[in-house]
Amino acid sequence: MPSKHALKSNLKLYSLIDTHAHLDELQNLDSILDNARERGIVAIIAVGSDYRSNIKTLEISQKYPSFVFPALGLHPWQLGELNSSQVNSELEFIEQNITQAIAIGEIGLDYDKRVVKRASKEFQKEVLARLLELARKYNKPVSLHTRYAWRDGLQLVQDAGIAKAVFHWFTGFSSVLTDIMNGGYYVSATPAAEYHEEHRRAVKETPMDKLLLETDCPVYYGRGTKYQSAPGDITRSLGAVAQLKRIDEAAVAEHTTRNAIELFSLENVIASPHCHCKPPLSLRTK
Ligand SMILES: [Zn+2]
């Protein structure tokens, strides 16, 4: 059996972008991000879930400029905790800081009955429509959670006139996927593409020019033994896509990184030899 060292030196490195990570929920970020760089990650889109998470995400992105790019959002899971004036404050914060955000996310709908019990479908849709309106007004791409709400999610995105969107960790119906593709939107693959049937089908059906990679860390993945994910686990998403598409990892990396650069307009902001880095913007809080 080859030694760990030998395996490491044999590891092929590709330029990868984790397009959906909850870095605000991770401990020991310095070493986690070092590991991410070692695995070839050149950029991470760090999504926020609510006011506190958005602030933390902005702070993290300032600590790791040209590598961590913040998205500001309001996750449907948080809505059960919020009354309408708190929702207004959340939206105000996002708008006040929107120039620092590369995208709006994580936002969306979740029709799992435990979520709907706490935040009705109507309430979720109303809040999402307002968030999408912000994205449209400031011309930002959106990172969407649409569990069991794929059709409504797509409908709202289209009604809002959103040009750029990713339906992250998509596990929905093929018919909705077709309409997502026809709308010019993207779908992203998580490490669950190694084993989750519906996600595997969706990844398989998504053309390479509409596919992104992500980890949604620190989500726990795995059948049987579970592990807590970090951005470095993007290599699992990469491997799973290569296997499902029957193409080599280099081609998957090339396509998905190019797609991420296009969707999030990262061309001139990634710290790579071919990019000109911009200085970090100052954090503006309420
Ligand atoms: Zn997420």
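**Exercise 1.** Work out which spacing the donors of the zinc ion follow along the chain, and which atoms they contribute.

*Solution.* Along the chain, the zinc donors follow the spacing H-x1-H-x83-E-x109-D. Strands here are DSSP runs (E, at least two residues), numbered from the N terminus. The model is a predicted one, in which local features need pLDDT of at least 70, side-chain atom pairs count only at pLDDT 80 or more, and totals for chains, interfaces and linings use all residues. Residues are numbered from 1 along each chain as its sequence is written, and side-chain values use heavy atoms, with hydrogens and water left out. The protein donors are H20 (NE2), H22 (NE2), E106 (OE) and D216 (OD), at 2.1 to 2.2 Å from the zinc ion, where a donor is an N, O or S atom within 2.8 Å of the metal (3.2 Å for Na, K and Ca).

**Exercise 2.** Decide whether E106 and D216 are buried or exposed, and then consider strand 4.

*Solution.* Buried means under 20% relative accessible area, exposed over 50%, and partly exposed in between (1.4 Å probe, protein chains only). E106 is buried because its relative accessible area is 1%, and D216 is buried because its value is 7%. Six of the six residues of strand 4 are buried, so this strand is largely enclosed by the rest of the structure.

Definitions and conventions:
Helices (H or I, at least four residues) and strands (E, at least two) are DSSP runs, numbered from the N terminus.
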